[in-house]
Amino acid sequence: MMSLLGRPDVDAGEVFVNFNQNITSLAVATSGSYSLYSLGSVDSTLDKIYHTKSDDLFLIERLFESSLVAIVSQRAPRKLKVCHFKKQSEICNYSYSNTILAVKLNRERLIVCLEESLYIHNIQDMKVVHTIRDTPCNQLGLCALSSSSDHCYLAYPGSVTSGEVQIFDAINLHAKTMIPAHDTPLAAIAFSPSGTEIATASERGTVIRVFSSQDGSRLFELRRGLKRCVSIVSLSFSTCAEYLVSSSNTETVHIFRLDRSAAESNEHGKQSGDDWMGFLSKTVTSYLPTQVTDVFSQGRAFASVTLPEAGVRRMCAITTIQKQLRLLIASQDGYLYVYSIPSIEGAECQLIKRHDLRLDDNYAMDVKVDSPHASGLNSNVCIGGAAGVPNAAAAAGGGGDGKATDKPGSSNAGASYASAVKGDEPAGSSSSNN
């Protein structure tokens with residue numbers, strides 16, 4: 001796979017890996033194909049629920065457990081394709097003036113991130129409802145979209161020189177708040193499952209902070225390390241919101257426990273005037289440099305995992321599988337690691353299974369959708385331009401203006417899109433061509 005903008009997740013010999021919003025499936029793209037896996041029995045087996053030959057892809061996003069996937073290929077990096085994978089059909093496509101750097105989905109919105117703009121689409125019909133233009137240069141496509149429909153927030157960098165986070169209400173379409181999270185530029189951001197909290201890390205990579213996404217107040221400050229600065233590439237809340245996991249360009253993955261009861265207790269203690277220990281602590285630390293007192297107040301990793309080598313890009317997630325808490329690490333060298341998480345702080349995570357993502361298995365639904373006439377592919381339905389052909393306005397720099405161009409068969413596309421979003425198409429409805 002060719003390299004795009006120097007991104008390590010699409011370098012030669014590596015694979016693209018990405019979890020869906022509620023960590024029930026994993027998308028994997030290798031050279032010339034992509035697959036979707038179910039994670040329901042990942043302790044023992046990795047069930048491949050879909051596989052197809054395709055152009056080399058560098059972005060895949062699946063909408064929860066639905067049939068809707070959004071993909072971007074290296075051959076056409078300015079074009080977003082929205083597909084119904086169970087019907088083996090392309091529903092629509094949309095072209096933009098520059099390379100698509102990130103795509104985010106939830107049940108209300110689809111976000112497309114370019115280097116200096118963000119497009120907000122209505123997930124039901126893919127119409128552009130708002131465009132955030134002239135954002136600070138964002139070469140890595142750093143952004144986050146809450147998976148919650150109740151707190152449907154979009155976050156993106158507010159500066160190229162400091163770690164400002166802009167929070168935007170993607171439903172009511174207005175700025176929510178700005179959080180001065182770090183002194184140095186942002187490297188990673190992630191929302192909690194409810195959307196009410198956001199975790200941030202800077203390019204320095206030593207401190208991770210958690211803020212309220214509603215008022216910007218700081219909730220947690222977590223110390224990843226002291227000795228060296230690192231590049232954090234993955235930051236994720238657990239599905240139960242009690243843990244936060246981070247991976248970097250080192251071989252170590254850190255898990256932090258977010259003890260909200262202790263945080264509330266500490267806050268109450270700070271406000272208590274008759275707490276002489278609190279008074280003594282405040283008196284002592286008042287004579288110390290701010291950097292030193294910050295270190296004392298920062299939380300340490302609850303548990304960690306040391307992987308075989310550094311320099312491998314890894315996506316991490318914590319979820320409950322068959323009533324057991326699991327750490328999942330999908331690496332760009334083609335492996336999925338499954339670990340148990342200890343109940344005691346400082347104990348080691350135990351490796352349960354390592355899956356090789358480059359091997360085929362017997363659970364695959366292997367279909368080919370290269371031909372626009374195969375499997376009833378509705379190739380002439382799109383939003384913003386003819387399928388397979390870049391939109392002329394977009395090529396001229398006017399892409400994503402919210403003007404939908406209906407083509408013959410658009411009513412079928414609407415029905416297909418609705419079924420894809422709802423996920424009501426039975427998995428076995430498509431024929432397999434092995």
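Select Thr320 and Leu325 to begin: Thr320 stands opposite Leu325 in β26. This is a predicted model, in which local features need pLDDT of at least 70, side-chain atom pairs count only at pLDDT 80 or more, and totals for chains, interfaces and linings use all residues. Residues are numbered from 1 along each chain as its sequence is written, and side-chain values use heavy atoms, with hydrogens and water left out.

Now widen the selection to 324–331, which is strand β26. Its antiparallel pairing with β25 runs over eight bridges. Strands here are DSSP runs of E, at least two residues long, and helices are runs of H or I, at least four; both are numbered from the N terminus. Two strands pair if DSSP finds at least two bridges between them.

Four strands lie in the order β25-β26-β27-β28, antiparallel and open. Which strands stand at the edges? They are β25 (314–321) and β28 (350–356); each has a single partner strand, so one side of each lacks a neighbour in the sheet. From one strand to the next, the twist averages 20°. Such angles are taken between N-to-C directions, on a scale from 0 to 180 degrees, with axes as lines fitted to C-alpha atoms.

Next, select Phe191, in strand β17 (residues 186–191). Is Phe191 buried or exposed? Phe191 counts as buried because its relative accessibility is 10%; buried means under 20% relative accessible area, exposed over 50%, and partly exposed in between, with a 1.4 Å probe and protein chains only. Show what surrounds Phe191. Beyond neighbours within four places in sequence, its contacts include Tyr153, Ile167, Glu197 and Phe237. Contact means heavy atoms within 4.5 Å. Then draw a C-alpha to C-alpha distance from Phe191 to Val210: 9.3 Å, across 19 residues of sequence.

Move to the largest nonpolar core, with 37 residues. Such a core is a set of buried Ala, Val, Leu, Ile, Met, Phe, Trp, Tyr and Cys residues joined through side-chain atoms within 4.5 Å. Select Ile60, Leu80, Tyr96, Ile100, Val103, Leu110 and Val112, which touch the most other members. Strand β6 (residues 68–73) gives the most to this core: five residues.

Cys92 is buried at 3% relative accessibility, and Cys152 is buried at 2%. How many disulfides are there? The count is zero, taking a disulfide as a pair of cysteine sulfur atoms within 2.5 Å.

Finally, show the whole chain. The protein chain has five helices and 29 strands. Of its 434 residues, 52% count as buried.
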